[in-house]
Amino acid sequence: MGVIRPQPLRSSNDTVYRMTTDQDVDCGCTCNGYKLFQGLQRFAKPSVFVAVLIAFALVLGAIQGFFNVHYTTNSINASFGLVEWLMLGSQVIQGLIIIPIAYAGGRRHRPVWLGAFGGFLVISCFIFGSIILAEYENTEVVTTYSLKQDPTLCVKYTERVVQYEENQDWTTLTAVYLLSLSLGLTNTCFFAFAITYLDDNVDSVNSPGIIGIVLGLQQLGPLLGMMLAWLCSTTIVTGILWIVLGVVMLVVSVILGLFPRSLLDNQGGLASNSIYYTKNKGFIGSFLRVVTNKIFLLITFGLTLAYTAIWNFRYLLTRYEESVYYASQANGFDDPWTTRQIITFLRPVLTGAAIIAAGIIIFRSEPSPTKLSIWTTGGFFFCAAVFAANIFLSCSNIHIITESNSRLDLTMYCNKDCQCKEDLAFTPVYASQARLVYFSPCHAGCTTATYDGSEKVYKNCSCVPTESVVNGVYDAGSCQLYGIVFECLTIVVAVLAASTVIGLIMLLFRVVLNCDKPMMIALHLTIVTQLATIPGRQLFLFVARWSCIVSGTDECRLHEAQPFVTYINLTTILFLLLSVGVFAVTSFTVRNVVLFGEDDRSPTHAAAMTELREFRAKNSNGKGRRHSFHGEDQKLLDTDGIAPVVVKRTPSISVPVDGEHRLSTYEGQMQKAASYSDELNKLLQAPPAPGPGGNTLQVPSPGVTVRREGMLTTLL
């Protein structure tokens, strides 16, 4: 089996795409016939582009994190279930349109296309921010519930003033859908256009390190957006921040769109000189080349399984912490579990550091594709081992007080008049003397709350008339210790998974044509995210319902600890082990992929070398010629000790450019050895000299395939 190169051998029927021409280095833009910002061409270098791309990635991540806090905390005054369906619809539309977009943009001006989708995101931010500011001015939409009453307290029928009916604001929901759609498309285009553009314009050896730096720093963006959302104390500040984020994204997108189609190197020349040869032209041909690539299919399938496991476990993490460790949900910077808050800040930082470290290690060591695949296999195997350890880290000796012995009916005689909402967040409180734990202060019948130092104390509790109750659970020491270990293990999983990202990207980039990379990345991300977040999420939610003991309006609010731990972790382990098996198979199929050091070779040469090796392999396995050629081929591979070859010049030989010519002027084994020796290559590259009879030796053009007694070679 020969070295795997994506470029097919050029023939007369091929379509040639020359992706870099003299016009491709033109910077700026054209307006009414005038070219603007032409003087910026000297900045069209990889280092400047990387700096702008990092800024774009950070702003994009900040918008994503800011948006996630909004819809997960239900601050848009809509049903959480309805918002989830909006997200689902947005994902489906993204999957339907992103593939043609990636194909079209990948063959045109990729920085401009990415800047255009950044502009689409800017418009969505402006619309959403304007709607929030407009709602702030309308005092009728501000409810008494959010301003005067604590939803966790028990309030009698005659005292609580709550508008339970949710008046759906379809304008806001439309803006949410538009923002979700623009975020998804821009994220995919970031990989399909920016990362492929970066890979095409830097050396293949440097590419892993540079891409690792960009993707590693990108992990800080969502953390930045989350912190901005937590700092928003009022609605007007939230609306203003959406406008500010849109303005920053607009500036970065405009700068990004000024870059040319091809970057310049440090000497002022083209950083890339890519000519792509394809036997099938058009969208269908490109799509078929990608979906019939076995290595692409294996990596995509394996990563889909792993992403389904890790992403859906992360999706259920809040319910996991509540049900297993009785930790109430964090409210911004106010987190009752200090360790969790610290790890929340550490996780993206360490994940980004792992991506950067992996890129630098690949850049320094230039590992083989087999080693990269083996590392991916081992990384996900250790992730499965971590989830196996989670099974033994649970608190099963604490139980919520209820009058039912099966599924919890939180309404009891002592709190029947409290009107506790069905979607009330899990806020456990306990009475230390009675050693009783209640779902929330409302379910304990508490009507007032005071502070004893930093600790919140609830009083006048109808279910516990003899004493006050406080947040948390009794005997929380050992349970909290298990929780700390669990949170640390989530960081281990995140770091292990992040360390495989750069290696997988390099493998995907090197097994397809350069012109197919944008479509390939878009298709890969679409398959992985669609399968993991739609059917994968429904499967995990179905498994989680087996242990549900407190049902809410849209989802389960509390699970029985030990069954929940067992079911979810075993499901996650199953998907990870299946992924390990797929990547183990991939390790055998990628062993001939060339990752580094082929930038200076033309596609014709690389493809001809592939054809040469495959042709020789077929000859050595043929029945009729096996014994006559196998021994000679082995001798040809060992050129040590061969004396210098003297080539006799012959009359002019005319070799057609796109054809083959059989040479018969050399004799025996020495003729074959000469064709593979460095001496012959030097002679062929030397200036032509007059031969006998005044004839001139005609040297074939570089890249011409010449057949000599059953063997192919390519003259460089």
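Hi everyone, let me open with a cysteine: at 1% relative accessibility, cysteine 189 counts as buried. Cysteine 515 is buried as well, with a relative accessibility of 3%. Please keep in mind that this is a predicted model.

Now to the disulfides. How many does the structure hold? There are five, and I'd like to walk you through some of them.

Let's take cysteine 154 and cysteine 418. Their sulfur atoms sit 1.8 Å apart in a disulfide, and the link is left-handed, with -80° about the S-S bond. Where are the two partners? Cysteine 154 is in the loop between helix H4 (144-148) and helix H5 (170-200), while cysteine 418 is in the loop between helix H13 (369-390) and strand E5 (429-431), so this pair ties together parts that are 264 residues apart in sequence. Both cysteine 154 and cysteine 418 are buried.

Next, please look at cysteine 414 and cysteine 463, which form a disulfide with 1.9 Å between their sulfur atoms. This one is right-handed, because the torsion about its S-S bond is about 85°. Cysteine 414 is found in the loop between H13 and E5, and cysteine 463 in the loop between strand E8 (455-461) and strand E9 (469-471), so parts that are 49 residues apart in sequence are tied together by the pair. Are these two cysteines buried or exposed? Cysteine 414 counts as partly exposed because its relative accessibility is 24%. Cysteine 463, at 14%, falls under the 20% cut-off, so cysteine 463 counts as buried.

On to cysteine 446 and cysteine 461, joined by a disulfide with an S to S distance of 1.9 Å. Their link is right-handed, with 100° about the S-S bond. Cysteine 446 belongs to strand E7 (residues 446-452) and cysteine 461 to strand E8, 15 residues apart, and the pair links distant parts of the chain. Both cysteine 446 and cysteine 461 are buried.

With a relative accessible area of 31%, valine 237 is partly exposed.

Methods. Residues are numbered from 1 along each chain as its sequence is written. This is a predicted model: local features need pLDDT of at least 70, side-chain atom pairs count only at pLDDT 80 or more; totals for chains, interfaces and linings use all residues. Side-chain values use heavy atoms; hydrogens and water are left out. Buried means under 20% relative accessible area, exposed over 50%, partly exposed in between (1.4 Å probe, protein chains only). A disulfide is a pair of cysteine sulfur atoms within 2.5 Å. Helices (H or I, at least four residues) and strands (E, at least two) are DSSP runs, numbered from the N terminus.
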